[in-house]
Amino acid sequence: MKVRIYIALKKAVLDTQGKAIEGVLVKNLGHSQISNVRQGKFVDLEIADNNPDNVKKIIDEICDKLLVNKIIEDYSFEIINN
Amino acid sequence: MKSAVITFPGSNCDRDAFDALQKISSKVQRIWHTESTLDNDLDLIIIPGGFSFGDYLRSGAMASISPVINEVSRLVNKGVRVLGICNGFQILTEAKLLPGVLLRNEKMKFICRELYLRVENVDTDFANKYKAREIIKIPIAHMDGNFFAPNDTLKMIEDENLVAFRYVDEFGNVSNESNPNGSILNIAGVYNHKKNVLGMMPHPERAIDINTGSEDGLKMFESLNNLF
C-alpha cells in the first residue's frame, strides 16, 4: 500500500519558514491577498500490507516514535493507491 | 570521575567535550552510537553538539532512537548525570529525557557568537561552582535553538526550578534584545525533574580557556568533578 504522511507544525506553534515565505509572497511578489502561510512536509512510503487497519497501526506507531514530535506537530495520512 | 562522550554520525563537538573532560582529569570513554551497552559505573555522559544524521527530519530526532540512547535512558533512571550540549540538547528532548523542544531560530538564521547567560540554579551537580545568578560568557552556534514548551510544561519547569540558564545582557537583564533565537522565557538550558540531566544550547566545552575567549564553561566541568 502506498501512503503519504503529512506533517505540519501545530497552529499555535510559530512557523518561521511559513512566515518568511509569506513575507516574500506579499512583499516581493506583490500578492497582498495572501496570508496565513504554513509550511509542512510529507513522507511517502510503501507498506507491504493491504489491510487498512494494520497500515493505520504502523503509521501511528512510526509517527509516534520518530516521524512526528507531538509537542509541536500534527500529522495526517492518505492511502495513495492499492 | 569516569565519563563517556557519545559520537553520532555528524557529531562535531565530541572532541571538544573530550578535551574539556581531560582538562579536569576525568577518565573518558569515546562511545559510538551503535553501542548497546554502557558501563554501569559511569559518572557522566556527554551528548555533544553537531548535526547528527544531518539534522534530517528534525534536529536530534533520528539520534534519539539510536541503540545507545536506550542505555542512556537506563543510566538516567539510575541517577547517572547526562549533559546534552546543542545537538545533544535536541537529542535529549526528542528522546523525552528533557521537557520541551527546540524549534528553528525565530529569525531563521544560524547564529554563531558569544553571549551572556545567567546561572538560574546553582544547587545542582552541574552548577555548584557558580555563584547564585552569576553572569557567564559562553558561545552559541546553532540553527534550531528556539526553546519551546506548552504552557503546562512551562509551569512545571518554573515550579520545579528546572531552568538552568537564561539568555541575558552583560548586566544580567532578561530582555528580548538578549534573546538570540526566540526561546520562550529566554531559556537557554533546562534540567529534568531529578536534575541529573541537563540540556543547553550554549557550548561550555568551547569556553574552557581564556585564550579562546572565555573559561566560564570550565566551572561546569569542575562542578561535576567536585562531586568526587
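Student: Does B:D125 count as buried, exposed or partly exposed, and why?

Tutor: Good place to begin, and keep in mind that this is a predicted model. B:D125 has 19 C-beta neighbours inside 10 Å, so it counts as partly exposed.

Student: Let's turn to chain A. What is the order of the strands in its open sheet?

Tutor: First, the general idea: strands of a sheet pair through backbone hydrogen bonds, and the pairing is either parallel or antiparallel. In chain A, an open sheet of 3 strands runs in the order β2-β1-β3, with antiparallel pairing. At the edges stand β2 (41-46) and β3 (73-81) of chain A; each has a single partner strand, so one side of each lacks a neighbour in the sheet. From one strand to the next, the twist averages 20°.

Student: How many bridges join β1(A) to β3(A)?

Tutor: Strand β1 (residues 2-9) of chain A pairs with β3(A) over 8 bridges, in the antiparallel sense. You can follow this pairing at A:R4, whose bridge partner in β3(A) is A:E78, and at A:A8, which stands opposite A:D74. On the β2(A) side, β1(A) pairs over 6 bridges, again antiparallel. There, A:V3 stands opposite A:L45.

Student: Which helix packs on the sheet?

Tutor: That is helix α2 (residues 52-67) of chain A, which touches β1, β2 and β3 of chain A. The direction of α2 makes about 35° with that of β1(A).

Student: How many residues does each chain bring to the contact between chains A and B?

Tutor: Chain B gives 11 residues and chain A gives 10 residues. On the side of chain B that touches chain A, 7 residues are nonpolar, none are polar and 4 are charged.

Methods: Residues numbered from 1 in each chain as written. Chains lettered and ligands numbered in written order. Predicted model: local features only at pLDDT ≥ 70, side-chain atom pairs only at ≥ 80, totals over all residues. Buried ≥ 20, exposed ≤ 12 C-beta atoms within 10 Å, placed from the backbone. Pairing = 2+ DSSP bridges. Helix = DSSP H or I, 4+ residues; strand = E, 2+ residues; numbered from the N terminus. Axes fitted to C-alpha atoms, helices over the stretch in contact; angles between N-to-C directions. Contact = placed C-beta atoms within 7 Å. Nonpolar A, V, L, I, M, F, W, Y, C, P; charged D, E, K, R; others polar.
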